[in-house]
Amino acid sequence: MFGTYLYRELSNRRKQTAIIAAGMALAIALVMIVNGVAAGVRDAQATVLASVYGVGTDITVTQEPIQPGGGEEGAPQEGPRFEFGAEDGDTANGTTALSQSSLTSGIGSSTFDADALTTALSLDSVAAATATLALSNVSFSGEVAAPTTTDTGETAPGEGTQQGGRGGPDGAGGSAFNVDTFTVTGIDVAGESVGPLTSVELVDGRAFESSDSDANVVILDTSYATTSSLTVGDSLEIGGEEFEVIGTVTSTSADATTASNTYIPLDTAQRVADLENQISTVYVQAASSTDIAAVQTALQTELPDASVKTQEDLASSVSGSLSTASDLVGKLGTWLSIIVLAAAFLISVLLTTSGVARRTREFGTLKAIGWSNGAVVRQVAGESLVQGAIGGVIGVAIGLLGILAINIAAPVLSASATATATTGQGAGAGGGGGGNRFGDAATTAAATTDIALQIPVTFGIIGIAVALAILGGLIAGAFGGWRAARLRPAEALRSVA
Amino acid sequence: MYELSELTKKYETKRGPISALNKVTLSIPTGQMVAIQGPTGGGKSTLLQMLGALERPTSGTVTLGGEELSAMPDSRLAEIRARTIGFVFQGFNLIPTLTAQENVETALAPLGLSNSDRRLRARAALEKVGLGERLTHHPAELSGGQQQRVAIARALVKEPKVLLADEPTGNLDEQTRDEIMELLEGLWRDEGLTLIIVTHDSAVAKRAERRLYLKHGSVTEKK
């Protein structure tokens with residue numbers, strides 16, 4: 001009887017059923033799309049973050065600069081300084097060719113004691129941890145006018161004074177030089193399951209081996225190798241030492257670059273940069289996702305001066321239109337979903353309760369012929385539940401179509417995650433000779449990419465949609481049922497007599 | 001069958017309490033056909049609701065088959081209505097979205113019968129009231145008399161001991177009224193029912209074995 005009655009009611013009251021189902025469908029579809037976009041944005045953020053922090057990293061430990069000054073742990077590094085002696089360089093035809101490179105932890109970045117890694121590894125619920133040292137290599141190369149000797153014997157470098165027709169390399173008595181900067185990351189060659197190299201794959205050559213721990217070997221990002229015309233077997237000067245290129249890597253994500261231009265063994269990086277026992281980041285993987293908060297707290301307790309961040313915290317470091325999309329989804333999308341959902345629920349509740357009011361005589365009659373309160377409430381709630389379910393099914397279909405449309409359109413979002421690397425090139429000219437310009441040498445993005453938004457269709461999203469539809473039906477049914485239950489048969493029959 | 005003792009029912013209104021029944025004491029034996037007459041507002045429908053376990057008295061008692069209705073919880077009253085009492089209303093009170101057969105089946109739903117039993121009994125009840133050819137018709141597709149026949153089938157399909165009819169012919173023409181009354185009388189005789197009819201129509205009341213007159217909440221026997 002329940003099923004027959006329910007079917008007859010819904011099929012004969014099509015208008016009400018259609019309105020409730022349509023409202024619910026709209027809300028469900030919107031919730032699905034907003035949730036889907038949020039998941040897509042999260043995936044995109046994860047891709048960007050993975051390219052910087054590696055796959056599987058739950059927590060990173062860094063140290064914020066504490067105050068200007070060099071040498072002290074945690075103190076930010078100053079820019080590289082190049083000093084040339086009077087005898088340095090090769091002088092020919094009135095110009096002196098100079099070249100020097102410096103490996104530092106980069107302007108504004110800081111390092112800390114490698115014992116932090118030991119501390120992290122000693123904690124319960126830490127599955128793996130590794131440390132890296134993010135560095136910046138700045139190379140100065142160029143030609144300057146040969147110094148002239150004054151009467152007092154003092155040398156005035158770079159004054160660009162011309163004598164006897166001598167000129168500088170620009171033909172006008174000035175100087176020209178290049179400043180080339182690339183990022184260097186020192187990593188543990190043991191190949192931990194976390195860290196920046198977990199999100200890259202080998203393109204050419206080989207990966208690090210244990211025997212490379214203190215060797216002058218380097219692996220290049222393919223993009224950097226291409227732009228620098230370097231291949232496996234070539235050599236590259238880092239921090240004034242020659243390194244052999246043993247491999248090239250690319251990001252496992254088709255959209256992203258890797259976190260660094262070059263990778264060298266951690267011990268080598270510490271030695272060449274004169275940062276013995278110093279690291280810049282510890283990458284930590286918790287034993288399970290439920291342990292992340294506890295591990296974060298424990299790390300913060302053990303390393304009070306450190307900055308301990310989870311992936312969730314790190315997501316805020318992603319900028320660009322992806323970040324804008326994330327904000328949009330997080331704020332406008334969520335509120336829009338809530339408002340539409342609330343409106344759909346309200347419409348459903350109002351139509352159900354008004355339906356009960358309209359059917360007062362019907363329910364009064366049913367009670368008069370022996371239907372219990374429970375049976376009447378079940379009938380009303382059942383009708384609402386089915387109306388919600390119809391809306392849910394339609395909503396899921398619309399939502400899936402919407403997601404499909406977005407995935408086909410694949411809107412491109414630009415994203416970047418900041419890291420410690422710097423890049424830049426400068427050139428100076430003129431008689432002053434001191435025009436050393438580091439215009440781009442401030443901290444910039446290590447992984448900048450355009451990502452086509454793809455919304456994942458998961459059982460979770462569909463499950464949420466179905467659950468909301470059922471919830472809407474239950475809420476409307478509860479209100480309608482409550483009203484029907486309150487009807488006393490005599491009053492119900494009298495009210496329509 | 002029914003024993004009413006000092007039965008009083010008052011309704012609270014904005015203008016103060018209104019006494020619909022005033023210390024009514026009455027006995028209705030099993031199998032009797034009783035007509036209740038009286039002016040509008042005299043308390044006829046209220047008395048019928050008391051007899052039908054739809055309303056609780058303000059004071060006094062209503063006993064049906066030895067069980068005091070006024071002391072029972074709602075769930076037990078619903079059970080008594082489902083098994084013992086049949087209702088026929090002036091406005092038929094059929095569910096418009098259900099067919100004639102499905103309307104009759106609604107009276108069997110609380111009894112927990114199987115689907116097939118329910119259908120068989122509903123068909124048999126409709127055939128008994130002369131609507132065997134109208135099983136799948138909706139109320140809107142039936143005349144007033146046919147709708148009342150469906151309502152009577154719904155009331156009788158559960159084989160109640162009591163049939164309470166509130167102005168059962170009030171919305172019908174004279175010819176249909178007579179047909180319905182003949183049907184009710186026939187069922188009363190054949191089924192051994194206690195039939196209590198509230199009516200304004202003297203022609204209907206004259207068919208009853210016993211006539212009661214209800215005015216200002218008080219009952220008098222009418223010869």
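**Exercise 1. Describe how α10(A) passes α11(A), and name the relation between their directions.**

Step 1. In this predicted model, α10(A) passes α11(A) in a right-handed crossing, a term used when the near helix is turned clockwise from the far one by less than a right angle, anticlockwise being left-handed. Helices here are DSSP runs of H or I with at least four residues, and strands are runs of E with at least two, numbered from the N terminus.

Step 2. The axes of α10(A) and of helix α11 (residues 459–486) of chain A come within 7 Å and cross at roughly 155°, where axes are lines fitted to C-alpha atoms, for helices over the stretch in contact, and angles run from 0 to 180 degrees between N-to-C directions.

Step 3. Because of that angle, α10(A) is roughly antiparallel to α11(A); angles over 145 degrees count as roughly antiparallel, under 35 as roughly parallel, 65 to 115 as roughly perpendicular and the rest as oblique.

Step 4. By class, the contact of α10(A) with α11(A) has 16 nonpolar, eight polar and no charged residues. Ala, Val, Leu, Ile, Met, Phe, Trp, Tyr, Cys and Pro count as nonpolar, Asp, Glu, Lys and Arg as charged, and the others, Gly among them, as polar.

Residues are numbered from 1 along each chain as its sequence is written, and chains are lettered from A and ligands numbered from 1 in the order in which they are written.

**Exercise 2. Work out how α1(A) packs with α10(A).**

Step 1. Helix α1 (residues 2–12) and helix α10 (residues 373–409), both of chain A, pack at an angle of about 55°, with their axes 10 Å apart. That angle makes α1(A) oblique to α10(A).

Step 2. The contact (heavy atoms within 4.5 Å) includes A:F2 and A:Y5 of α1(A), and A:R378 and A:V386 of α10(A).

**Exercise 3. Find the strand order of the sheet in chain B, and its edges.**

Step 1. Six strands of chain B form an open sheet in the order β6-β7-β8-β3-β9-β10, with mixed pairing; two strands pair if DSSP finds at least two bridges between them.

Step 2. The edge strands are β6 (85–88) and β10 (218–222) of chain B, each pairing on one side only.

Step 3. Five bridges join strand β9 (residues 210–215) of chain B to β10(B), and these strands run antiparallel; the bridge partner of B:Y213 in β10(B) is B:T220.

Methods:
Predicted model: local features only at pLDDT ≥ 70, side-chain atom pairs only at ≥ 80, totals over all residues. Heavy atoms only, no water.
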